[in-house]
Amino acid sequence: MPFNVLGLTEETERVYAVLVHTPQATASELAGACELSVPSTTRQLAELVKEGLATRATGRPPRFTAVAPDIAVTALIRRREKQLDEARSQVHRLMEAHREASRISSPDLAVELLTERADVSTAVQCMTTQAQREIRAFDRPPYVDRPGSNLDEQIKRQRRGVAHRVIYDRAAVAWPGRLADDILPSVRAGEQARVRTELPLKLVICDSRVAIIPISSAPGGQLAAYLVKSSPMLVALEALFEAEWERAVPLPLTHRTAAEGSLESGTGEPDQETRSLVSLLAAGLTDAAIARAQGWSERTTQRRIHRLMSQLGVNTRFQAGLTAAQRGWL
């Protein structure tokens, strides 16, 4: 189970997985199975107890027992959701503070309102061109410009060492032709991409230095945006991005359009189409959206989902996504 998205390290997750099968175990008994030293295993067990994933019995040496996975994971998810809600609340409070402060004209304000499309386009161009380390973004419709129109510039930035992390709203992934013609070429060039069922806003952050939030981008309508400079609000936007990033589902690297095929490769691992299907299911895409993203017919999509559910021995799409995650398919 990929607990790393919930804030746990790979070593801690490994110890928990072994502990599930070995109740009332000591650190020494677990160390060998986990391929860790006894001190390291002891530290991971302490972290599991702290996070509510394990209990410790008194005695010498102390013995540990894993808390039931459904209870433990639910507690971790609720904790992360609380942190995300706090980040969103902080953004909302800061936005209200900005609206109040914007009544007073000052060139030193941390947030600048751009009301002309040319100004917004120029600001985005300058931000991305001057980026030296990393660009983080929330991508969601509607779009003023054709999605993917800046693909060549993005690939050039990635080749010169500027990291890109993008979270796509499921509506962006389902946009006709977007996955195959824009998103996946960016991923193959080095972009780290994840998917969320719904994003709260559109956002671009460059180098922890400046961010832009489009606030009106309906086709044919007026384009406006907030330009956010170094300030507590920028810090809050970064926290919001990272919280959403942890909850988002990684987008698979490869994409093919074959209509049928085995759900597993010859090694017993899922093939790339199955991994892609699981990722899109976990991201909450509908059958129609998955069909558009994968280049399948809706009938083929439904058939592949039913085959996946049958293979995993589950009855619902949600159970399929959860079971696939537990198997490490995401």
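Is F241 buried or exposed? Select F241 and take a look: its relative accessibility is 0%, and because buried means under 20%, F241 counts as buried. Keep in mind on this tour that you are viewing a predicted model.

**The whole chain**

Zoom out for a moment. You have 13 helices and 10 strands on screen, and 44% of the 330 residues count as buried.

**The aromatic cluster**

Next, select W245. Its ring centre is 5.9 Å from that of F241 and the planes are at 20°, so this pair is stacked. Both residues lie in α9, four residues apart, about one turn of the helix. Together, F138, F241 and W245 form one aromatic cluster.

**Helix α6**

Move on to residues 151-159, which make up helix α6. Color L151, Q154, I155, R157 and Q158, which are buried. Looking down the axis of α6, you will find its buried residues within an arc of 160°, so they line one face of the helix. On the other side, D152, K156 and R159 are exposed.

What covers the buried residues of α6? Show α5, β4, β5 and α8, which are among the elements that do. Finish at G161, which follows α6 and has a positive phi, near 100°.

Note on methods
Residues numbered from 1 in each chain as written. Predicted model: local features only at pLDDT ≥ 70, side-chain atom pairs only at ≥ 80, totals over all residues. Heavy atoms only, no water. Buried < 20%, exposed > 50% of the residue type's maximum accessible area, 1.4 Å probe, protein only. Helix = DSSP H or I, 4+ residues; strand = E, 2+ residues; numbered from the N terminus. Arc of directions from axis to C-beta. Contact = heavy atoms within 4.5 Å. Phe/Tyr/Trp six-rings, centres within 6.5 Å; stacked < 30°, edge-to-face > 60°.
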